[in-house]
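Here are my notes on the ligand site and the pockets. Please read them beside the model.

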Amino acid sequence: MTTRTWFITGASRGIGLETARAALAAGHQVVATGRRRGDVIAALGESEALLALELDVTVPAQIAAAVDAARERFGRIDVLVNNAGYGHLGLFEQTTDADVRAQFETNVFGLFNVTRAVLPLMRAQRGGHVINLSSVAGIAGFAMAGIYCASKFAVEGFSLSLAEEVRQFGICVTIVGPGFIRTDFLDPSSFRLPDIAVPDYADMDAQLRNTYLPYNHLQPGDPVRLAQALLQLADRADPPLRFSAGSDALEMVGARLAQLGAELDAERALSASVDGQWA
Ligand SMILES: NC(=O)c1ccc[n+]([C@@H]2O[C@H](COP(=O)([O-])OP(=O)(O)OC[C@H]3O[C@@H](n4cnc5c(N)ncnc54)[C@H](OP(=O)(O)O)[C@@H]3O)[C@@H](O)[C@H]2O)c1
């Protein structure tokens, strides 16, 4: 395995932390970033191969400073893992404009801005791997998770497009779409819920609280195994553009593909009928 320099956002816990831990154990250099540097150090300790940095992905000055510090310490960034994120759950009509903007600030604009800061370094190196954490919610829609889904669909569309632009420089992009992974994602320390009650949706609101939330820390996916899979993908000469993580993800993505295929076939004639010349 080639030794690489990893730059990971949201490395204080969950998938980001396990990825940092696995990369260090495998002998890589790691820039592990988090909103509170102390949390990252408490989780990973201190070592020559580790640079722990304060980075809230919604703060552009911190992004610039973190990428500069990484360049200064290790001279390069080979693998960028855009992992920082959270889920804003709840029905759309319970969701305010501020909720939507906050969700996009972290999951979308934060990811864009970190990527924009790292790409010049990867271009100069003529190589690199951008790994963007999406979700099954970036492929399929789920009631009571519309805003989170929208943010992850944005990550998917961006990543597919970026891959086309940077391939010429030897830079690969991989979208990672986990199913349910056993982290703090469904814990009140991470997800956000609406506090607006809309009586017409009372049943669905109760369903949200009674189905997703009891799943907290009981999810089938193991973040340690996901981290090992990410290490394997980063070691490939030709990594996949999209990787589904977990058997539940395989099932949900498969169902969405089947639905898309069936809809395409069912409306094929009407779809093709739209072609025509300017009069
Ligand atoms: N777990 C799942 O089931 C699942 C499924 C699909 C996709 N994902 C995606 O996987 C990624 C990691 O989630 P996880 O499961 O590891 O969740 P987690 O255990 O809740 O960890 C989330 C991490 O993101 C960090 N974070 C949140 N907002 C941030 C910000 N503004 N700037 C920097 N860091 C920030 C958190 O930092 P703090 O410690 O400071 O809060 C934490 O380190 C997310 O993008 C999530 O959408 C997770």
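1. A pocket is an open set of points on a 1 Å grid over the protein atoms alone, with protein on both sides within 12 Å along at least five of seven lines; a 1.4 Å probe fits at its points, and lining residues have an atom within 4 Å of a point. A volume is the space filled by probe spheres set on the points, which are joined across faces, edges and corners. The second largest pocket has a volume of about 160 Å³. Its lining holds 13 residues, with R4, G128, H129, G170 and C172 nearest the centre.

2. This is a predicted model: local features need pLDDT of at least 70, side-chain atom pairs count only at pLDDT 80 or more, and totals for chains, interfaces and linings use all residues. Residues are numbered from 1 along each chain as its sequence is written, and side-chain values use heavy atoms, without hydrogens and water.

3. The largest pocket has a volume of about 910 Å³. Its lining counts 43 residues; N83, G85, Y86, G87 and F185 lie nearest its centre. α1 gives the largest share, three residues.

4. The ligand takes the space of the largest pocket (more than half of its atoms lie within 2 Å of the grid points). 28 residues surround the ligand, S12, R35, Y148, T183 and S190 being the closest (a heavy atom within 4 Å).

5. Which side chain lies 3.0 Å from a nitrogen atom of the ligand? An N or O atom in the side chain of D56 does. For R36, a polar side-chain atom lies 3.2 Å from a ligand oxygen atom.

Definitions and conventions. Polar contact = N/O pair within 3.5 Å; in protein donor to acceptor, adjacent residues only side chain to side chain. Helix = DSSP H or I, 4+ residues; strand = E, 2+ residues; numbered from the N terminus.
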